[in-house]
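Reader: Hi! I'm new to this one, could you walk me through it?
Author: Happy to. Here it is.

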Amino acid sequence: MIQNIKKILTPIDFSTHSMEAMRGAMELAKDLGADEVHLVHVIAPQQRLIPSTIEQNRELAREGAMLEQAEEELARIKKDELGNSKKVITCAVVGPPVEKLVNYAKEQLIDLIVVATHGRTGGEHILIGSVSEKLVRNSPCSVLVFRPRAR
């Protein structure tokens, strides 16, 4: 099974943890001879129900600006850190993170998702939730949870 991995998806939120997971995914891709590594950034909508048109427009403008900023940062990472590799595909989208990542994995026929964990436990984990955990439960493919090394 591990030798059949040709497409790897790495969700990236630009945190130290997700950058380490991205580097791990790149190493894994090299070792396995994978064809593509997809770096996907998801911008979560700030509010579900926005009552006024003015507030809706503000939210759309905010999301548009964040999307543009994320695309620029992904392009910078691809160029500066990954040598502008043709194997790296970048994407930024707006929506519920787990839903967007699962749909992307299905649409792109991803073989493996490499996701960072922030290592939250207890009350913080319950309050914040875990994208990693939800991905493991809902993903159409295997998920490798990359835990950062202790420093």
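Author: One term to begin with: buried means under 20% relative accessible area, exposed means over 50%, and partly exposed is in between, computed with a 1.4 Å probe on protein chains only. Glu73, for one, is partly exposed, with a relative accessible area of 27%.

Reader: Good to know. What kind of model am I looking at?
Author: This is a predicted model, in which local features need pLDDT of at least 70 and side-chain atom pairs count only at pLDDT 80 or more, while totals for chains, interfaces and linings use all residues. Residues are numbered from 1 along each chain as its sequence is written, and side-chain values use heavy atoms, with hydrogens and water left out.

Reader: Thanks! You brought up Glu73, so which residue does Glu73 form a salt bridge with?
Author: Its partner is Arg76, and the closest N and O atoms are 2.8 Å apart. A salt bridge here is a side-chain nitrogen of Lys or Arg within 4 Å of a carboxyl oxygen of Asp or Glu.

Reader: Where do Glu73 and Arg76 lie?
Author: Both are in helix H2, 3 residues apart, about one turn of the helix. Helices are DSSP runs of H or I with at least four residues, strands are runs of E with at least two, and they are numbered from the N terminus. Arg76 also meets Asp80 in a salt bridge (3.7 Å, N to O), and those two are 4 residues apart in H2.

Reader: Which residues are linked in that network of salt bridges?
Author: Arg23, Glu73, Arg76, Asp80 and Glu81.

Reader: And how many salt bridges does a search of the whole structure find?
Author: There are 6. One of them joins Lys7 to Glu36, with the closest N and O atoms 3.9 Å apart. Lys7 lies in strand S1 and Glu36 in strand S2, so this pair ties together parts that are 29 residues apart in sequence.

Reader: Let's switch to the sheet. In what order do the strands come?
Author: The order is S3-S2-S1-S4-S5, an open sheet of 5 strands with parallel pairing. At the edges are S3 (88-94) and S5 (142-146), each pairing on one side only. Two strands pair if DSSP finds at least two bridges between them.

Reader: How many bridges join S2 to S3?
Author: 7 bridges do. Within S3, Val88 is the bridge partner of Val37.

Reader: Which helices lie across the strands?
Author: Among them is H1 (residues 16-32), which lies across S1, S2, S3, S4 and S5 and runs at about 150° to S4. Another is H5 (residues 131-138), lying across S1, S4 and S5 at about 165° to S4. Those angles run from 0 to 180 degrees between N-to-C directions, with axes fitted to C-alpha atoms, for helices over the stretch in contact.

Reader: What about H3, which of its residues are buried?
Author: In H3 (residues 97-107), they are Val98, Leu101, Val102, Tyr104 and Ala105. They cover an arc of only 160° around the axis, which puts them on the same side of H3; the arc is that of the directions from the helix axis to the C-beta atoms. These buried residues pack against S1, S2, S3, S4 and H5, where contact means heavy atoms within 4.5 Å.

Reader: Last one: is Gln46 buried or exposed?
Author: Gln46 is exposed, at a relative accessible area of 55%. Gln46 sits in the loop between S2 and H2. Leaving aside neighbours within four places in sequence, Gln46 is in contact with Glu59, Arg62 and Glu63.
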